[in-house]
Amino acid sequence: MANTTWLLYYLTRRRFSPSFRSFFFIPTSLALFTSLFILFYISTTSTLFFSNQQPSIPHLNQPLLSSSSSMPQINISNNTQNPFPHVSNVNRLNENDRDGRESQRSLRPQFGSSDGIYVNNELFHDKDIFLEDYKQMNRSFKIYVYPHRRNDPFANVLLPVDFEPGGNYASESYFKKALMQSHFITKDPAKADLFFLPFSITRLRHDRRVGVGGIQDFIRDYILNISRKYPFWNRTGGADHFYAACHSIGRSAMEKSEEVKFNAIQVVCSSSYFLSGYIAHKDVSLPQIWPRQGDPPDLASSKRKKLAFFAGSINSPVRERLLHSWRNDSEIFAHFGRLATPYADELLGSKFCLHVKGFEVNTARIADSLYYGCVPVIIANHYDLPFADILNWKSFSVVVATLDIPLLKKILKGISSDQYLMFQKKVLEVRKHFQWHHPPVDYDAFYMVMYELWLRRTSVRVSLPVSKNPNH
């Protein structure tokens, strides 16, 4: 300690030469200048010092369905073409993890503002690109289906159903039936862009020889058999193969076939990117649609007296939260159990219809809402929405985070009359994409799924010798 004190005293009393003082001053000045520059850079590029966060709920003066409001005008055009139009995250329910469980704040609609920010209110991300690609898909897209005879012991699982599909998981059967009878099918595997694995998870589930407990073994053995019999699976590890499943058990069905789960394209209704096994942009979200016959009904917004409606069982914490917040409300009707009135009448009489996560993120309620002209409100964190690469979901739906369920009425009442009418107009335009037909018609659910698959086709084909008779 004494030596240190003596050294400081010596340095303060000693007079250094001018050259030495200059040598000491230069690095000190450089260090000070560098520190000031770093602080300036951080202050201008970071939110560490300044925050531009918008409030959670925008202040909207117009009440819902106010007759005095006027449609906002958007005069700014966006002529910049997205170089990656098919890889869009705009409709993914973005994560803002909190304790690793809840995520995402509400994605409320934006309709332009005085600050000059352009907001896309169109139904498609880029309609021109979609229509041009759609034509090319119809001309050139080819699918090879692994062949199976009608006398195969599992023909009921591997061949399309010979009846009109119905029920909550009909999307799987509708898609497979339409695909097998479409012009996309080729019998020449050398011309194929993708290869279809034709097993049906729904049919396996009800087959007494297999059942829920035997599905994993069946899929494992099926992949093993085709990989030994044909060269197509092995040359890509299954990356140019796909299967379709609407029941949630389809996800666990691949536990003994990891190459299917991680390499193949999974066309599934349970499209939650929070859970392992589903990979957005590789896999495809299959819309869960309850099949209905005939043209969809239409009811003017002025005749829809209820603010919001939900009906369903209490099978998830999210639905429990909805019930706890709104069970006795006079404007948000949350029903659990059997309805006293027809389900269709409730949808037709409501402005907003709630899609609330149950066991899985998916239910048929989004398609139900669209069919009956009701604006869907999606309360399902991590849901990779169907056709999100194509459709701008913000133009026809409202997404509310599960954390914001207590704010649901404030969010919905904050939407003006003109904004609601814009939503409903887009609902009536988009609902044709969420309907199954037999045979399929242009731009219906089948063709939209095919387009999603077309976007995921491989751009580089592996050329290997192919047997003239793939059955041997």
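A cavity, on a 1 Å grid over the protein atoms alone, is a set of points where a 1.4 Å probe fits but cannot get out. Its volume is the space filled by probe spheres set on the points, with grid points joined across faces, edges and corners. The model you have open is predicted, so local features need pLDDT of at least 70 and side-chain atom pairs count only at pLDDT 80 or more, while totals for chains, interfaces and linings use all residues. Residues are numbered from 1 along each chain as its sequence is written, and side-chain values use heavy atoms, leaving out hydrogens and water.

**Stop one: the largest cavity**

Seven cavities of 30 Å³ or more are found in the structure, and the largest holds about 80 Å³ of space. Select Tyr-243, Gly-250, Arg-251, Val-268 and Ser-270: of the 13 residues in the lining, these lie nearest the centre. Lining residues are those with an atom within 4 Å of a point. Now colour β3 (241-245), α9 (249-252) and β4 (265-268), each of which gives the lining at least two residues. Helices here are DSSP runs (H or I, at least four residues), as are strands (E, at least two), numbered from the N terminus. By type, the lining has six nonpolar residues, six polar and one charged. In this scheme Ala, Val, Leu, Ile, Met, Phe, Trp, Tyr, Cys and Pro are nonpolar, Asp, Glu, Lys and Arg are charged, and the others, Gly among them, are polar.

**Stop two: helix α15**

Next, select residues 417-430. This is α15, with 14 residues and a reach of 20 Å from first C-alpha to last, close to the 20 Å expected at 1.5 Å a residue; the expected span is 1.5 Å times one less than the number of residues. Ten of the 14 are buried, meaning under 20% relative accessible area (1.4 Å probe, protein chains only). Among them are Tyr-420, Met-422, Phe-423 and Val-427. Show β8 (350-356), α13 (365-371), β9 (375-379) and β10 (398-399) to see some of what covers them.

**Stop three: aromatic pairs**

Rings of Phe, Tyr and Trp (its six-membered ring) pair if their centres lie within 6.5 Å; planes under 30 degrees apart are stacked, over 60 edge-to-face and the rest tilted. That rule gives 34 aromatic pairs. Select Phe-130 and Tyr-134: their ring centres are 5.7 Å apart and the planes stand at 55°, so this pair is tilted. Both sit in helix α3 (residues 127-140), four residues apart, or about one helical turn. Phe-130 is buried at 3% relative accessible area, and Tyr-134 is buried at 2%. Finish at Tyr-230 and Phe-232, whose ring centres lie 5.9 Å apart with planes at 20°, so they are stacked. Both of these residues, Tyr-230 and Phe-232, are buried.

How values were computed. 1 Å grid on protein atoms, 1.4 Å probe; cavity = no way out; pocket = protein on both sides within 12 Å on 5 of 7 lines; lining within 4 Å. Buried < 20%, exposed > 50% of the residue type's maximum accessible area, 1.4 Å probe, protein only. Contact = heavy atoms within 4.5 Å.
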